[in-house]
Amino acid sequence: MSSSLDVFYTWNREAIPVSGENSLFLLIEWRSGPPAKRQLKTQPKLLFREMELLIKPEKDMHIKAVHGVRAKESDAGWVIGLGNAYKGKTKSFLLEFDVGSQSPGKKPACSAYWSALKTKQEQRVLLRREQINLLVSTHFGVIGREPDPRVQKYAILSQSTVIMKQSLRAFERGRSEEGKEIIKRHTDGLLILATRTGDLEYYREAQILSRLCLYYEQTHEKSCFDTVDVEEDQSLAFQVSYGKDYYDKEAK
C-alpha cells in the first residue's frame, strides 16, 4: 500500500540548537501515485477516501499549529483530515512545532501514521507509518545556516489566514484603524520580501490582502457589515477513526 503513496518531509532548518526552537516548521508534501505528465481534461482516478494522518510528537516536541489543513488533538495525537486522494495530485501542509531543550544528535521528532478508506469499501487501512527525525547540534556553522526557502515561504504565506481573521474581528468591533494596521504590517513585510527575493507570489499575496482590507473598510463604513463566523464550520468537522490503542497496535 505504501508504494502508492509518496511522502516528502522537509524541515525549515537543517538543525536546531540544543536550547530548542520556538517555531520549527515541517513541510509535508504527499501524492498518490506518480505525478501526471500532462494536464488531464477528465477527473483523476480516486485512489483513497477520507485520508487521515496521525502525528504523535516525541517528548519535548509540541505542535503549536497546523497550517493548510483541518486538524485536532486527540488522546492518540494530532489527527489531520486530508480528504480524498486522487492519482497524481500533490498536496501539502505545514506543521509548526515548539521544541524544548535537547541533547545533540539525530533525534526522533514524531511518528506519522497514514490511513484511508479503500475505494468502494468502508474498511480503513494503514497505508504507511514512519518516524521523522530531527538533527540537534552545537555547531554554529550548522545551526546558523539559512532556512529552507520553500518551507520558509510556506510559513510566511500561511500567516495570511490568521491575519485576515484578526483584522476582520477588529473591523467587526468598530476598530477600523486597528484592523487596517494589522493587514498593513503584514503586507509591508510581504512587499519587502518580494523586492528582496524577486518572488512575485509575495507581491500577489500583498495585493490580495490590500483589496480585502479595502473591502472590510468600505463595508464597515456603510454599516452593513454582515457578521461572519470566522471559526471553523462545524459541518466540516471530521471524526477520529481510531484511538490510541489501534495505532499502538499497528506500530508493533
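A residue is called partly exposed when its relative accessible area falls between the buried class, under 20%, and the exposed class, over 50%. In this predicted model, Y215 has a relative accessible area of 47% and is therefore partly exposed. Y216, by contrast, has a relative accessible area of 7%, which means that Y216 is buried.

The aromatic rings were examined next. In total, four aromatic pairs are counted. One of them joins W30 and W114, whose ring centres are 6.2 Å apart and whose planes stand at 55°, a tilted arrangement. W30 belongs to strand β3 (residues 21–32) and W114 to strand β9 (residues 105–118), so this pair ties together parts that are 84 residues apart in sequence. Both W30 and W114 are buried. The pair of Y215 and Y216 is also tilted, because the ring centres lie 6.2 Å apart with the planes at 55°. Together with F171, Y215 and Y216 make up one aromatic cluster.

Strand β3 also takes part in an open sheet of four strands, which has the order β1-β3-β8-β5 and antiparallel pairing. The edges of the sheet are formed by β1 (5–11) and β5 (61–67); each has a single partner strand, so one side of each is left without a neighbour in the sheet. On average, neighbouring strands of the sheet are turned by 25° against each other, direction ignored. Strands β5 and β8 (residues 90–99) run antiparallel and are joined by six bridges. Across from A65 stands E96 in β8.

How values were computed: Residues are numbered from 1 along each chain as its sequence is written. This is a predicted model: local features need pLDDT of at least 70, side-chain atom pairs count only at pLDDT 80 or more; totals for chains, interfaces and linings use all residues. Side-chain values use heavy atoms; hydrogens and water are left out. Two strands pair if DSSP finds at least two bridges between them. Helices (H or I, at least four residues) and strands (E, at least two) are DSSP runs, numbered from the N terminus. Axes are lines fitted to C-alpha atoms, for helices over the stretch in contact, and angles run from 0 to 180 degrees between N-to-C directions. Rings of Phe, Tyr and Trp (its six-membered ring) pair if their centres lie within 6.5 Å; planes under 30 degrees apart count as stacked, over 60 as edge-to-face and the rest as tilted. Buried means under 20% relative accessible area, exposed over 50%, partly exposed in between (1.4 Å probe, protein chains only).
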